[in-house]
Amino acid sequence: MKVALFATCLVDTMTPSVAHATASLLQRLGHEVVVPPTQACCGQMHVNTGYRREAVSIVANHVRAFAGAEAIVSPSGSCVASIHHQQADVARRAGDETLARDAEELAGRTHELSQFLVDVLGVTDVGAYYPHRVTYHPTCHSLRLLKVGDRPLRLLREVRGLELAELPGAEQCCGFGGTFAVKNADTSTAMLTDKMANVLSTHAEICTAGDASCLMHIGGGLSRLRAGTRTVHLAEILASTEEAVTPHQSTKPAVSRPTTPAVTA
Amino acid sequence: MTATVPPKAPTFLGLPTAPRGVGHLRGDQSFPDAARTALRDGQLRANLGHATTTIRNKRAKVVGEVADWEQLRAAGKALKAATMAHLDEHLEELERQVTARGGTVHWARDANEANEIVTRLVQATGTGEVVKVKSMATQEIALNEALEAVGIEVFETDLAELIVQLGEDKPSHILVPAIHKNRAEIREIFARTIPGVDPGLTDEPRQLAMAARKHLRERFLRARVAISGANFGVAETGTLTVVESEGNGRMCLTLPETLITVMGIEKVVPTWRDLEVFLQLLPRSSTGERMNPYTSTWAGVTPGDGPQEFHLVLLDNGRTAVLADEVGREALHCIRCSACLNVCPVYERAGGHAYGSVYPGPIGAILSPLLTGVEDNASLPYASSLCGACYEVCPVAIDIPSILVHLRAEHVEAQEKTTAEAVAFRALAKVMSNPRLWHLAQRASRLGRLLSRGRPTLPNALPPPISGWTRSRDLPTPPTSTFVEQWTREHRSAK
């Protein structure tokens, strides 16, 4: 299948390794990957901050960039949710029915990575190898808007060498929330602290998720605390193999393991 | 944004919102400021964390027992939407039926009118005190303060409302107004304020309940006037309904000679049968019980049985303005269960007082600005990470996150002066709509590398608004090139 990759503005600018990983994973599974060079942003940050009028031209650029693509895949639950639930509404409210219909049609062909792998390609074992203790944070928009369910966990369970640690209070928001993290920095930080406490309680080396934005938040907090646990996007784990770990990513064990054997068994 | 109440009244653009200067719908601080203080209160955080986790788990358990819960939710939503579409007709029918059964209906445009009507009715009975059933509508309009201003003593009889009243505190939760207090704090309030209380009072729940019971029982027996709210008003039969747990409401509704009920106009349901849906949805969502212990229903007056005088005050106070907002009107479907508060990560940490309104939590973050006009509660629509937990548990499926986003836009679009944020977002929108400009901007973001000086993260001390992030979280140093750049470069040379 020919797959168009939507990196998202954040991944493209701040964590390109996540998009590289998504591309190499899809290629390894035998698919052709194209990256439309005029892609930018889905418009979610504008819509969610109150700039829905301004978001219309961003949506239009997105629709132009991916016009004609057979399938679009993105390593972000939040951005795909915005494409599915916001883009057409924003265009329609602005009176642009053509754009609204185009956006709806495009949304129908746009998939979040774990849903694309499990539902469209029908795979859970992607042939990955990742010898680390990992805990998974289900991001709010992938969980509640896209309803990805246990797909990411099913993918992770098939990864050779990976030890999956259950995250307590997994379904609680990490406190990111886009501009919420800045406008309500104190409340956001309080939510993050509790999320980090749960992450650290698992003694995982890595906290993974399907959204680079939430991971930048959790990872930014862990890094500030000088915690050994780091954040790695689901795509990077699934792209890793015995032959090649994802570029730009260290794989050394980083956190001291609990001494009680029962926990690690 | 985080603006507090603006100095001038907004231009009149439509139906009247809840008036200023009366009631408890507006705080005196913005949410971020109030939350900042509350977050430092470790006792509050512990109390709220414990209480919300307990109720949330109870709710999840009993909702899980109902196989057709999603259909019930859909039915609740459909009933409310259909009712709102003909709200005027249902209200007039309710008035006809209540009147036919010997009650008197009063229409109150806003909090001031409602307070005047109730004050006049109480004064006409000649009594100097009233007992109250727990009611959000009367908290919204600050009825207690209005009655006390003319020398009428008001006794809250709901246990949690009593704790709040005796502690000279404010309610912080729709269902459990004293949720922010623990048993030890309640014992202290009772020991200090209840006349003649047993000096050996402990914080054992039964002892606390018995102390409140003894205190309240005297008031029930001598009260001549009771004031209540209503969970539902059935138009076809003129029946008012109060759903409660303690039975103190039942005492108020049956013992006094005069009963005055203040009901928001959105509480009307067309038919008796509609209660079938809502009386299943409400207790499981609110207290996490299969069925609540006391459901009182009454229509007009019955000679020789219960109050012989019944007044129904129908309260607008901004509700018609909410109805006129085609996105926000769904907020009127709320049945005040408070399930959204109990699952909200923001509410659980900041507590109810930070919202500045009697309606806290996710529903309050939409309902308060809708009732007052968004500019009078401008920080509330932003008091959410949009995690969606509220929508998931709402028994009438109110899409709270979408309404929050809608209200943010209403706030942005209401600004007469251009804010720095608007300048930035408009510029960014231009950039993100034009691939050439976007690539330039991405390259410009690499200037951040100069600040990092080879370190993997940017410095902690950066100017606002970035400081909001970097005060508590590291921000990674931008990479040397973007994904699209690298990909395009590699795949051009490959061809």
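Visitor: How do you know that β7(B) and strand β10 of chain B are paired?

Guide: 7 bridges join β7(B) to strand β10 (residues 309–315) of chain B, and the two run parallel. Pairing requires at least two bridges, so these strands count as paired. In β10(B), B:Leu314 is the bridge partner of B:Met263. This is a predicted model.

Visitor: What makes strand β4 of chain B a partner of β7(B)?

Guide: Strand β4 (residues 225–228) of chain B is joined to β7(B) by 4 bridges, again with the strands parallel. That meets the requirement of at least two, so β4(B) and β7(B) pair. One bridge links B:Val225 with B:Thr258 of β7(B).

Visitor: Why is β7(B) called largely enclosed?

Guide: Strand β7 (residues 258–264) of chain B has 7 of its 7 residues buried, so the rest of the structure largely encloses it. Buried means 20 or more other C-beta atoms within 10 Å of the residue's own. One side of β7(B) carries B:Thr258, B:Ile260, B:Val262 and B:Gly264, and the other carries B:Leu259, B:Thr261 and B:Met263; all are buried, so both faces are covered.

Visitor: Which residues touch the most other members of the largest nonpolar core?

Guide: That core has 217 residues, and those with the most contacts to other members are A:Val59, B:Ala226, B:Val262, B:Leu315, B:Cys340, B:Ile366 and B:Ile400. Its largest share, 7 residues, comes from helix α18 (residues 400–414) of chain B. Leaving out residues up to four places away in sequence, B:Ile366 touches B:Gly328, B:Ala331, B:Ile400, B:Ile403, B:Leu404 and B:Leu407. In soluble globular proteins, nonpolar side chains tend to be buried together.

Visitor: How do you know that the span of helix α19 of chain B is close to the expected one?

Guide: Helix α19 (residues 420–432) of chain B has 13 residues and reaches 18 Å from first C-alpha to last. At 1.5 Å a residue, 18 Å is expected, so the span is close to that value.

Visitor: What puts the buried residues of α19(B) on the same side?

Guide: The buried residues are B:Phe425, B:Leu428, B:Ala429, B:Val431 and B:Met432. They cover an arc of only 160 degrees around the axis, so they lie on the same side of α19(B). On the other side, B:Ala420 and B:Val423 are exposed.

Visitor: What do the buried residues of α19(B) pack against?

Guide: They pack against α1 (9–14), α3 (44–49) and α4 (52–65) of chain A, together with α20 (435–445) of chain B.

Terms used
Residues numbered from 1 in each chain as written. Chains lettered and ligands numbered in written order. Predicted model: local features only at pLDDT ≥ 70, side-chain atom pairs only at ≥ 80, totals over all residues. Buried ≥ 20, exposed ≤ 12 C-beta atoms within 10 Å, placed from the backbone. Arc of directions from axis to C-beta. Contact = placed C-beta atoms within 7 Å. Core = buried A, V, L, I, M, F, W, Y, C linked by C-beta atoms within 7 Å.
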